[in-house]
Structure formats: C-alpha cells, structure tokens
Amino acid sequence: MSTAYGPDEIAALQEKAKRHLWLHFTRMSSYADSEVPVIVRGEGAYVYDQHGKRYLDGLAGLFVSQIGHGRTEVAEAGARQASELAYFPLWSYAHPQAIALADRLANLAPGDLNRVFFTTSGSEAVESAWKLAKQYFRTIGQPSRYKVLSRAIAYHGTSMGALAITGLPGIKEPFEPLPPGGVRVPNTNFYRAPAFVADDITAFGVWAADEIENAILREGPESVAAVFLEPCQNSGGCFPPPPGYFPRVREICDQYGVLLVSDEVICAFGRLGYYFGAERYGYQPDIVTFAKGVTSGYAPLGGMLVTDRLMEPFTRGQQSPAHVDTHGQERHLEGPGATFLHGVTFAGHPVSCAVAMANLDVFEKENLLGNVRSNEGAFRSSLEKLADLPIVGDVRGDGYFYGIELVKDKSTRQTFDDDESERLLRGFLSHALFDAGLICRADDRGDPVIQLSPPLICTQEHFDEMEQILRSVLTEAWRRV
Ligand SMILES: Cc1ncc(COP(=O)(O)O)c(C=O)c1O
C-alpha cells in the first residue's frame, strides 16, 4: 500500500502543523525552516512518513509499540468495545474489560500485587502512587510520611507531582516551586561510578543502595513515604541495576517502613523479557506503576498494581478507637471505610482495556517474552560491534532496551561540553539518524546517549539494520567533532 501523500496534501499538512500544532518537549523554532516530520502509517517494526519513506522504529514510538504497528486484531478489539460500550467511568462503577484486565494483570504480576488502579498515562500512574502512599500512611496513623526518594537524572513524568519525583533539574526549573518532598539519591551509572567503587560493580551497587539509607536517615525515617526506582533506569541511557542493588534497597525499605515503588512505565510488558522488570531483577515491589506497553499504544492506558497490604485499610470498615459501652464492654464503632480520594475520568477506559487484553493475547500467541529472551544476546552483540568506533564509550542495557554513551575521549571517558553536545545531538545526530531511516533517541539530559528500544518482534535483520545505520552516522558524527 502506498503511503505517499501528494505535494498539495503535504504542503497543507506542513502549513497547519506549523501554524497550530504544539509538539511536546520540542523546540518549535527548529521547524521554522525545515519540515515537521509526519508519520502516517506503521507496519510491524517500520513506520512510513508522508513521502512514503520507511523508517525502522528503533524506539517503539516512545518505548510503547511492543507488538509493532498495524495489528488489525488489536484495532478491531478496540472498535468492537467502542460499539458495545464506548465509555463508562470507574468511579463507583465497573465494566467487564477493566475487571478482566485487572484480573489478568494481578495474575501476571509478582507476589501479592493483586489490586489495579487504572490511569490514562505514566505520569498519572506515578502521581497516583505517591498519593496512595501518602493517604495509606495517613490512614494507618503515620501522617508525617510524605517524602519520596528517587534517583538523580531519572525521569518519572511531567505532571507537578511526578515532576517533583523526576530527577532532571533542567525540566523542573521553570515550574518551581514543585510539591515538597522530592529527595534525590545517586543514580546507578557504573560507567561513571565514583572512583572508590569504580572497579567493583557489586560494591558500587551496595554503595548506591546505602545512599538510600543515608538519605532516609538524613530526612528522618518517619517523614519518608516511598522510594521510586525504575528496574533499568531510562534517562541517562539505560542503567541496569548493579548486582546487589535491589536486594539491599528492599532490605532498607523494610527496615524503615518505606514503600518500594517500581516505576515500570518503560520496563514492564516485555521490554526486559518479562512482564515486569522487577521479576527480571528478582525483587518484590509494594507498588508497580505501568503504562506504554500495556496497550502497545493502540489506545492510552496506565495504572498501578498495589499489594494486598496497601489495599487493606481501604477494604475494611474504619474502626473508631476502643470505647467502653454502658455494659462495661470494650467496643469499636464501625464507621465508613476509607476511600482513596483520587480518580481520573478516562482512567481504565473500556476501549483501552479491551485493547490491552488483545495486546496481551498477541504477547501470548507469539511468545514475545520468549523472543526477547532468546534474541537479547544477539541484540547486545550487534550493538557492541559499535564499540570499535572512537565516539562510542559504553553500550549498556538489558532485554530490548539499550543506551550507547557517546564520548569525546574513550580512554579518559571525557564527555562533551554543553555546546558540543548541542551541536552533536540536536545539530547533527537526531536529523542524520532520522534521514538515514532509523527512529531512535539522541538524548543529553544526562551524558550524551543514543537509546534503542525496538518492538519486541524484532530479530537479527533489524539489529543489523540498526547497527549499520548507527555505524555510518556515528562515523560521520566523529568526523564533525
Ligand atoms: C519511568 C517513567 N515514568 C513515568 C513516565 C511518564 O509517562 P507518561 O509520558 O505516559 O506520562 C515515563 C515516560 O516516559 C517514564 O519513562
């Protein structure tokens, strides 16, 4: 099927896009003299632009399109649900698709993460997890716990609460003051580990986890509600957890009564070869936040999975403190049960839940987790071939989730300064990779990295294509440094 638009159609799209559309996290002025990229169709691991040009979707859109593009069975599941019941809220009511999906997710999730609270996005999921942590502690008589720890450079979303948890000063600064209580701990970038643990990744992991304990003690344990961590940290370029990190974090959280929130907005639904990233790294969270891959982007959906323990105060009738009745007996009065005072109109939308069910059917039918597990080694090897280039400092990640850190001097690991990074990433790499037919992310929110997170259907031919495009574009980038 041809996807090329005619010249008049393209001109009209460009004119309207430039006049009316506001792209997210995008310097709009950069399109003053150049074309806005318009993606019109997708099939499998590829998408097509308005000119009919094909691109390998090496980022699964935005860490989203796990099953790839153009799956009519998933689209049809959404259409069927829209005809039957397009919308009803989860405020006091339920609908069959939300029930079925909650049941399915609870069965897939590790341990007793048995309760699902749906949202529409990852930021809302993170926001909901913080609100739940605060209200939970209030309900069980620990109202002073409200602070949240997260790693420097980690991205946890953009709404005000989620932004307070995000560890990227550059995208927070215009919105200060943010809700109080966001506290940073060191990230887990072994490539740039402090010298005293730079030779020992296990010691590095224990040090990074112990820094969480130090932060809890500094802040006052009675004031800390939760620690938010991604299984494999995205921002900064895919940092897998060092060995020993999560077991020690779990121990610390248990010791100080702090909740461990695994922010799996990217890492769930096969990205790391498991339904949940916590399973891959063998730890048990109290809350898992998810979005993106749960629907592979065929409709928007997010949510959090919560343990029975956290749900418990919200399932029982609230008891008043004991009092002695007129017969001299000690009694508790049953009051109204606690209500989680939070909700979102479109959360758990019937169409999105139906789409998520169909998406998970594809996971099962095509054994996508198996595909990632059996091919991740080949993916890593293909990317590691690039280590012979002088600009490639580090290749890291797990599953189908990789970052390639770019350096100015490989032997000293010297990074690029802000101007060089601006010229390299925005001035050259982003456009050059796109022009060469690869969608990926060139990011300098931490040190400059290229990130890859392809659909889970990808195999060696796609890895080779990525490696070849990256090799030629990075070789040219080095010539320009
Ligand atoms: C770990 C993590 N948390 C939260 C978010 C926010 O998700 P959303 O963009 O759906 O609000 C993201 C988005 O990329 C993310 O990577």
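A polar contact is a pair of N or O atoms within 3.5 Å. With that cut-off in hand, let's look at the ligand in this predicted model.

**The ligand and its surroundings**

A nitrogen atom of the ligand sits 2.8 Å from an N or O atom in the side chain of aspartate 263. Two further pairs involve oxygen atoms of the ligand: one is with the backbone of glycine 122, and one is with the side chain of serine 123. Here they are side by side:

| Residue | Protein atom | Ligand atom | Distance |
|---|---|---|---|
| Aspartate 263 | side-chain N or O | nitrogen | 2.8 Å |
| Glycine 122 | polar backbone atom | oxygen | 2.8 Å |
| Serine 123 | polar side-chain atom | oxygen | 2.6 Å |

How much of the ligand does the protein bury? Taken alone, the ligand exposes 380 Å², and 84% of that is buried by the protein. The residues surrounding the ligand include Ser121, Tyr155, His156, Glu230, Val265 and Lys292. By class, the shell holds three nonpolar, five polar and three charged residues.

**The chain as a whole**

Zooming out, the chain contains 15 helices and 17 strands. Its radius of gyration is 24 Å, close to the 23 Å from the globule rule for 481 residues, so the chain is as compact as a globular protein of that length. Along the principal axes, the C-alpha atoms fill a box of roughly 90 × 60 × 45 Å.

Of the 481 residues, 52% are buried. Among contacts between residues at least 6 apart in sequence, 69% join residues at least 24 apart. The accessible surface of the chain comes to about 21,000 Å², and carbon and sulfur atoms account for 54% of that area.

Technical notes:
Residues are numbered from 1 along each chain as its sequence is written. This is a predicted model: local features need pLDDT of at least 70, side-chain atom pairs count only at pLDDT 80 or more; totals for chains, interfaces and linings use all residues. Side-chain values use heavy atoms; hydrogens and water are left out. A residue is near a molecule or strand if one of its heavy atoms lies within 4 Å of it. A polar contact is a pair of N or O atoms within 3.5 Å; within protein, one must be able to donate a hydrogen and the other to accept it, and residues adjacent in sequence count only if both atoms are side-chain atoms. Accessible areas come from the Shrake-Rupley method with a 1.4 Å probe; for residues, only the protein chains shown count as cover. Ala, Val, Leu, Ile, Met, Phe, Trp, Tyr, Cys and Pro count as nonpolar, Asp, Glu, Lys and Arg as charged, and the others, Gly among them, as polar. Helices (H or I, at least four residues) and strands (E, at least two) are DSSP runs, numbered from the N terminus. The radius of gyration is taken over C-alpha atoms; the globule rule is 2.2 Å times the number of residues to the power 0.38. Buried means under 20% relative accessible area, exposed over 50%, partly exposed in between (1.4 Å probe, protein chains only). Contact means heavy atoms within 4.5 Å.
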